[in-house]
Amino acid sequence: MSNLLEEHVQMGYYVNVEAGVKIFIEDVNPEGNKTILFIHGWPLSHKQFEYQFNVLPAMGYRCIGIDWRGFGNSDKPFSGYHYDRLADDIRAVVGALRLENCTLAGHSTGGAIAIRYMARYNGYGVSKLVLIDAAAPRGFTPETANKFLIENANDRPKMLQGITDTFFFQYITGPFSDWFFQMGLEAAGWSTAAVIKLLRDENVSQDLHQIFVPTLIIHGIHDKVIPFAQALEVNKVIRNSQLVPFQYSGHGPFWEERDRFNQVLTQFIG
């Protein structure tokens, strides 16, 4: 295992997922008796779950955050931005950390990656699934994607600010907006664009039929990024799923209703 993991100055470490590509891992409370593996959304990083990592480890949970390739502190190769490869990266992390019976929690595009992982690897190492405003069954319309691609190619900071401005239903302060915006800037421009194309060109509609673990679906009813109607679709197809609408949230219930979010999440995990 030692050759798979490398220490990092931030008290996290890296996992090699393929030759020349390392994924950054933040592993909080490794001795916790129940493990949650968090997969962030586009164009963010594991830092979006700060308000879970502040609370859940003290309740006995092991919280693992990963940064996808191209985002956050991970390596930023020019290729590999497809659901299959991103799911393969998750599989490499699950294997390197020898995770068993963990809860896989994915937000937005991270939710779609989690769905592909469950289908592609028969849920290896995962006993429960949490989908948070998941980009499922679909991601972006061609119109939305093409608008983002043009903005990304010409003024990525402006695009990121626009995403931050529409992300939340609840009021956010200037400093919070700045923090959230900076998360997006950590990504590479090419990986940011590649995932816009992924959200336009791929979907996970067929994968939903291959999920058999208990699944919690959390979705803000005011979500302007992934409409709440899509959560109803996902809930209908995943057999063993429950949908919990968040009445005061947009695309970010993990922050907008963080106390309730943490309570619903831990009740589901048990």
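At 10% relative accessibility, Ser177 counts as buried, because buried here means under 20% relative accessible area, with exposed being over 50% and partly exposed in between (1.4 Å probe, protein chains only). Ser177 sits in helix H6; helices (H or I, at least four residues) and strands (E, at least two) are DSSP runs, numbered from the N terminus. Leaving aside residues up to four places away in sequence, Ser177 touches Gln161, Thr164 and Ile172, a contact being heavy atoms within 4.5 Å.

All of this comes from a predicted model, in which local features need pLDDT of at least 70 and side-chain atom pairs count only at pLDDT 80 or more, while totals for chains, interfaces and linings use all residues. Residues are numbered from 1 along each chain as its sequence is written, and side-chain values use heavy atoms, with hydrogens and water left out. As for pLDDT, it is the predictor's confidence in each residue, from 0 to 100. The protein has a mean pLDDT of 95, and 96% of its residues reach 70 or more. Over residues 6–10, though, the pLDDT is below 50, and this stretch has 13 contacts in the model beyond near neighbours in sequence. Where pLDDT is low, the predicted coordinates should not be read in detail.

Next come the aromatic rings. Rings of Phe, Tyr and Trp (its six-membered ring) pair if their centres lie within 6.5 Å; planes under 30 degrees apart count as stacked, over 60 as edge-to-face and the rest as tilted. By this rule there are 22 aromatic pairs. One of them, Phe49 with Phe254, is tilted, at 5.7 Å centre to centre and 55° between the planes. This pair ties together distant parts of the chain, 205 residues apart: Phe49 is in the loop between strand E4 (34–39) and helix H1 (50–53), and Phe254 is in helix H9 (residues 253–256). Both Phe49 and Phe254 are buried. Phe167 and Phe180 make an edge-to-face pair, because their ring centres are 4.8 Å apart and their planes lie at 65°. Here Phe167 belongs to helix H5 (residues 156–167) and Phe180 to helix H6 (residues 174–185), 13 residues apart. Phe167 is buried at 2% relative accessibility, and Phe180 is buried at 3%. Ring pairs also link a cluster whose members include Phe38, Phe49, Tyr51, Phe167, Trp179, Phe180 and Phe254.

Charges turn up over rings too, the rule being NZ of Lys or CZ of Arg within 6 Å of the ring centre and within 35 degrees of the ring normal. Arg91 lies over the face of Tyr124, 3.8 Å from the ring centre, and Arg260 lies over the face of Phe246, at 4.3 Å.

In helix H4 (residues 142–154), the end C-alpha atoms are 18 Å apart, which agrees with the 18 Å that its 13 residues should span at 1.5 Å a residue; the expected span is 1.5 Å times one less than the number of residues. Ala145, Phe148, Leu149 and Asn152 are buried in H4. These four cover an arc of only 105° around the axis, so they are on the same side of H4, the arc being that of the directions from the helix axis to the C-beta atoms. The buried residues of H4 pack against H5 and helix H7 (189–201), whereas the face turned away carries the exposed Glu143, Ile150 and Asn154.
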